[in-house]
Amino acid sequence: MEAEIEANSTNRFKLWSELELQEFTDKFVIKSMESPEEGFSISRSDGTIDKLNGDDSSEVPPKVSTVYGVAGTIRLLAGTYILVITSRKEVGTYLGFPVFLVTSMKTLPCNETSRFLTNEEKKDEAYFMTLLKIVESTPGLYYSYGTDITLNLQRRSKLAKGWMSKPIWKQGDPRFVWNRNLLEDLIENKLDGFVIPLLQGSFQTGEMKLGKSPAVIKLFSRRCTRRLGTRMWRRGANLEGDTANFIETEQLLEFGDHISSFLQVRGSIPLLWEQIVDLSYKPRLNIINHEDTSKVVERHFNDLLKRYGGCIVVDLTNQQGDEGLLSKAYAEEMHKLPNVRYVSFDFHHSCGNGNFDNIELLYKEISEDFENQGYLILDPEGKILAEQKGIIRSNCIDCLDRTNVTQSYLAQKSLNSQLQTLGALSSGESLSMFIEDFELFKTLWVEHGDEISLEYSGTHALKRDLVRYGKQTMSGIIKDGMSAISRYFLNNFQDGLRQDASDLISGRYTVNRNGSSPFRPKGFEPISYLPVASALVIGGLTMTSITLNQAGRNAQHLLSSMVCAGLTAGLMALIKSNGRQICSRPRLCGLL
């Protein structure tokens, strides 16, 4: 099959998979353990990179360790830092090539100028280092030493012969290279064997038995880096038409000597809008009026049409409240685009209260176009037998929970058709008839949803039970409640830092020592008073409780209770009115 042809090809580029990190007092040396003459050194004083020339000193390094890749370099105020992969986990194969998940990374300082920084610069550098610690624990980073994993199978199958002989960083789709901004120094120094493009997303794989017709199913999701960020601080689109939480999901099926692929995408509503955290559980949505809104929407969908062909937009947002206003504005813009079909389906209204089967109503509405779009099928030689001629673009508000439920449903419909076409199932059979295999399918999609959600919101996905059981269970409701509380805390008190880390690593913010500090206080900053205010509120509630317990004894205690309660309520109102300033906010870049 095509996977074996690619994996066994000798005319392909391969990255060095295990590296020796030598730590000298004046430099770091990184070399291939397979070919020790291949490597480079990076100065610990100024970050200068030099390729090894074979005449390097045989001096014994004080410390030696094994690393599994170089994620890249970044320049901060004190100088250069290099980010290395210190542990990995093999999670499966893609077209015959092993795929690895990054499980830990480490930042190595390559500078000695920190002692020359001013006090303000030292404070700024400490903040940047905090961001790099967040970067080190970035979830969902995948890579392969043997092939690019950013291109979907249909795009790969149309490339000219010999493309796999190019360095892997030249093979892929730059939209999905998470560390693209970090690779510039390695590329400039022609260290192609060390340039590892990392993809953020998800990867799941499992084997289905299907009676006596075994097949392998894989889910591969690729997160776009053009509007990278966190749930509340990256909403909607930027002026170029790039949307937040834009993800391409590919469901691969390997059966016999054939391989099939089905693509879907998700992404935030491509308007200019925001939802700024303010201590509310559900902050108000705000549509930003801008003269270029129509052009933004047009740019977004022109890009989709160019890449994927026809496009069906499935909008799962509520038709009431703030979501309804946003959905209405979206529909008005979509009606200006004759080449894109827009379908509004209020998921909560139609499928709420245990009525998940009503999602069939959505499928009936789009089924003809959905089936006409089809899916890719390759024969054992890699020739195209059938091609996917369009894409479903799904969205809710976060493009997480409702979107994942809907995409898994459509993926099941497509998988049934693929299995029947390839002969794994008869025309009267479906995946749901094979209980063990159906459970595997649903589990893969639940894990996929969790991983995508962790990257964007910081918690597991909600509505996991709808994917796994087709209904909500009591344990699922409790887990959803716990995840919702975690999201509230993260969104309000931690995501500002996470957003800054994303902006720094993606290159959206560039550190400039000659520029002004981005952390200088701009007037009154209530966030610095949050611990004191919180302590006062807790103290006020405690005093109110104590005095209430004693209120029955005399009128003085009752009056004290009323005063404490009033002061506490006033303080809480003051905190709430300054909610936007108190919450964790990104400090490096604006919303658009």
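The model is predicted, with local features needing pLDDT of at least 70, side-chain atom pairs counting only at pLDDT 80 or more, and totals for chains, interfaces and linings using all residues. Residues are numbered from 1 along each chain as its sequence is written, and side-chain values use heavy atoms, without hydrogens and water. Helices (H or I, at least four residues) and strands (E, at least two) are DSSP runs numbered from the N terminus.

**The largest pocket**

- The largest pocket has a volume of about 710 Å³; a pocket here is an open set of points, on a 1 Å grid over the protein atoms alone, where a 1.4 Å probe fits, with protein on both sides within 12 Å along at least five of seven lines.
- Its volume is the space filled by probe spheres set on the points, which are joined across faces, edges and corners.
- The lining holds 34 residues, and Tyr281, His348, Asp401, Leu462 and Lys463 lie nearest the centre; lining residues have an atom within 4 Å of a point.
- Helix 8 (347-351), helix 10 (401-421) and helix 13 (474-493) are the elements that give two or more residues to this lining.
- Helix 13 provides the largest share, six residues.
- By type, the lining has 14 nonpolar, 10 polar and 10 charged residues, where Ala, Val, Leu, Ile, Met, Phe, Trp, Tyr, Cys and Pro count as nonpolar, Asp, Glu, Lys and Arg as charged, and the others, Gly among them, as polar.

**A nonpolar surface patch**

- Met474, Ile477, Ile478 and Met482 make up a nonpolar patch on the surface, with about 430 Å² of accessible area together.
- Patch residues have over 30% relative accessible area and no salt bridge, with nonpolar side chains (Val, Leu, Ile, Met, Phe, Trp, Tyr) joined within 5 Å; areas come from the Shrake-Rupley method with a 1.4 Å probe.
- Met482, found in helix 13, counts as exposed because its relative accessibility is 54% (buried means under 20%, exposed over 50%, partly exposed in between; 1.4 Å probe, protein chains only).

**Salt bridges**

- The count comes to 29 salt bridges, each a side-chain nitrogen of Lys or Arg within 4 Å of a carboxyl oxygen of Asp or Glu.
- Arg75 pairs with Asp185, their closest N and O atoms being 3.2 Å apart.
- This pair links distant parts of the chain, strand 6 (residues 70-75) and helix 5 (residues 184-188), with the partners 110 residues apart.
- Arg75 is exposed at 51% relative accessibility, while Asp185 is buried at 10%.
- Glu136 and Lys133 meet at 3.7 Å, N to O, and both lie in helix 2 (residues 119-136), three residues apart, about one turn of the helix.
- Glu136 is buried at 16% relative accessibility, whereas Lys133 is exposed at 52%.
- Arg487 and Asp398 form a salt bridge with their closest N and O atoms 4.0 Å apart.
- Arg487 is in helix 13 and Asp398 in the loop between strand 20 (390-395) and helix 10, so their pairing ties together parts 89 residues apart in sequence.
- Both Arg487 and Asp398 are buried.

**Positive phi angles**

- Most residues other than glycine have a negative phi.
- Lys190 has a positive phi, near 55°; Lys190 lies in the loop between helix 5 and strand 10 (199-208) and is exposed at 61% relative accessibility.
- Cys399 also has a positive phi, near 60°; Cys399 sits in the loop between strand 20 and helix 10 and is buried at 0% relative accessibility.

Key. Patches are made of residues with over 30% relative accessible area and no salt bridge: like charges are joined within 9 Å, nonpolar side chains (Val, Leu, Ile, Met, Phe, Trp, Tyr) within 5 Å.
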